[in-house]
Amino acid sequence: MPITEKHLHVPFVDLQAQYASIKTEVDAAIADVLNRTSFIGGPQVKSFEEEFARYCGVGHCVGVANGTDAIAIALRALGIGAGHEVITAANSFIATSEAITMAGASPVFVDIDPRTCNIDVSRIEEKITAATRAIVPVHLYGQPADMDPIRDIAFRHGLRIVGDAAQAHGALYRQQPIATLADATCYSFYPGKNLGAYGDAGAIVTADADVATRARMIANHGRIAKYDHTMEGVNSRLDGLQAAILRVKLAHLERWTEARRSNAARYTALLQETPVTLPYELPDVRAVYHLYVVRVPAARRDAIQASLKTSGIETGIHYPIALPHLEAYRHLGHAPADFPEALRASGDVLSLPMFPELSGAQADHVVNSLRSCL
Ligand SMILES: *Cc1c(COP(=O)(O)O)cnc(C)c1O
C-alpha cells in the first residue's frame, strides 16, 4: 500500500537521514582518529579550526567543548567578568545568559523586534550603564541580528560585541559573514545545529589574534605550554573525533544551507494568505533557517500543535518562556510588561519541521495540515 500523505511522518529534525547520506565519509574519518589515537587536540582539531575560521571569514578559530562555554570564554578573553553588565536579547535559549553569568558578569535583557524576534536595536541604549561592557546579539533561528546599528552603538559606547551564532552557521549580513562584524563570534555544534557534531562541541572565531590566544589559554586550564599556567582557566576542549566529523560535515554545509533556504522558501510560498505570520528577513541578509518559526493565534497554539502531532508532524516552541521571566531570573524582579514583545512571542511562536533533507512531500504535508487546522 502506498504511503498516503495522511500517514507521512515528519520529524522535527532527521539526523538519521543526514548520517545515511554521508556514512562512508564519517565512518572513515572516525576510523582515522581511532588509528592515530589523537583524541584531544591533534591534526583533526587543528585542520578543523583552520577550515572553520576560513569559512567564517576571519583569521582564528578556537575549538571548545560546547557553545555555552564558547560564549563564556570569549567574554573572559575580552576582559569581561565580575562587576560588568552584558546586554543580550530577551528571547533566546538560556545558554546565552547563562554564559554571561559563567563569565562572572550580569546579563541585562533587551526586548525583541517582533519581526525577527532578535534584539530590538532601538532599545539597547536605554539599558547601557557605567558597568556595561559588551553586547551579545543572538542570531536566533538563523536570522542575522541587525549588526550595523549594534556596531554603531558599541562603537559610541566603547562596548565589545560577542555574537551568539549557535543557530547561524553561514549567515550573512549585508553580504558579510556575521563573524566579521563582532569582536568574537560563538558557535555551537550540538548535534541538531546547522553544523552538528556527534556529541557536544563548540568554537569561538575572531579576527583578533590576541583574543584567540587568550581564549585558547582559558579553554585549556590557563596555559600555553604544558605546565606554565599563568591563570586559572577551564577544561573546555574540542576533541579529535568531533573535529574529524565536523570536517566532513563542513564540506557539505553550503549545500545543506541552500536546502534549508529552499525549504523555507517553499513554506513561505505555500503559507501566503493564511492567518500565520511568516519569518521576516532583514533586507540584504542570508538567513540560514536553523528554525522556521511562524506565529499563530496564541489562544490556538496548543491546539494547532496537537493537531499537527495527530497528522504525524513534530513541531517545537522556541522559546515558551522569555529569558527574563524564567524562574532562574526571578531575582532580577522583572514584570511581564517589561518585555512585551518577548512575552507575546513566547505565547505564539511555533517552529515547523526544518532540516536539509525535508522532502517536498513532507513540506506539503506540513502546509496542508497547518492550513486545515487554521
Ligand atoms: C544551542 C545554543 C547555545 C548553546 O550551545 P551548546 O553547544 O548547547 O552549549 C547557545 N545559544 C543558542 C541560541 C543556542 O541555540
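Modeller: We will go through the ligand site, then a pair of helices. Keep in mind that this is a predicted model.

Biologist: Which residues come nearest to the ligand?

Modeller: Start with the shell. There are 13 residues around the ligand, and the nearest are Gly-67, Thr-68, Asp-164, Ser-188 and Lys-193.

Biologist: What is the make-up of that shell, by nonpolar, polar and charged residues?

Modeller: Seven are polar, four are nonpolar and two are charged.

Biologist: And polar contacts? How far is the side chain of Thr-68 from an oxygen atom of the ligand?

Modeller: Look for N or O pairs within 3.5 Å. For Thr-68, a polar side-chain atom sits 2.5 Å from a ligand oxygen. Ser-188 also faces an oxygen atom of the ligand, with a side-chain N or O atom 2.6 Å away.

Biologist: How much of the ligand does the protein bury?

Modeller: Compare the ligand alone with the ligand in place. Alone, the ligand exposes 380 Å², and the protein buries 92% of that.

Biologist: Which elements give two or more residues to the shell?

Modeller: α3 (67–77) and α4 (95–102) do.

Biologist: How do I describe two packed helices?

Modeller: Use the angle between their axes and the distance between the axes. Here α3 and α4 pack at about 40°, with axes 8 Å apart.

Biologist: Is their crossing left-handed or right-handed?

Modeller: α3 and α4 cross in a right-handed way.

Terms used:
Residues are numbered from 1 along each chain as its sequence is written. This is a predicted model: local features need pLDDT of at least 70, side-chain atom pairs count only at pLDDT 80 or more; totals for chains, interfaces and linings use all residues. Side-chain values use heavy atoms; hydrogens and water are left out. A residue is near a molecule or strand if one of its heavy atoms lies within 4 Å of it. A polar contact is a pair of N or O atoms within 3.5 Å; within protein, one must be able to donate a hydrogen and the other to accept it, and residues adjacent in sequence count only if both atoms are side-chain atoms. Accessible areas come from the Shrake-Rupley method with a 1.4 Å probe; for residues, only the protein chains shown count as cover. Helices (H or I, at least four residues) and strands (E, at least two) are DSSP runs, numbered from the N terminus. Ala, Val, Leu, Ile, Met, Phe, Trp, Tyr, Cys and Pro count as nonpolar, Asp, Glu, Lys and Arg as charged, and the others, Gly among them, as polar. Axes are lines fitted to C-alpha atoms, for helices over the stretch in contact, and angles run from 0 to 180 degrees between N-to-C directions. A crossing is left-handed if the near helix is turned anticlockwise from the far one by less than a right angle, and right-handed if clockwise.
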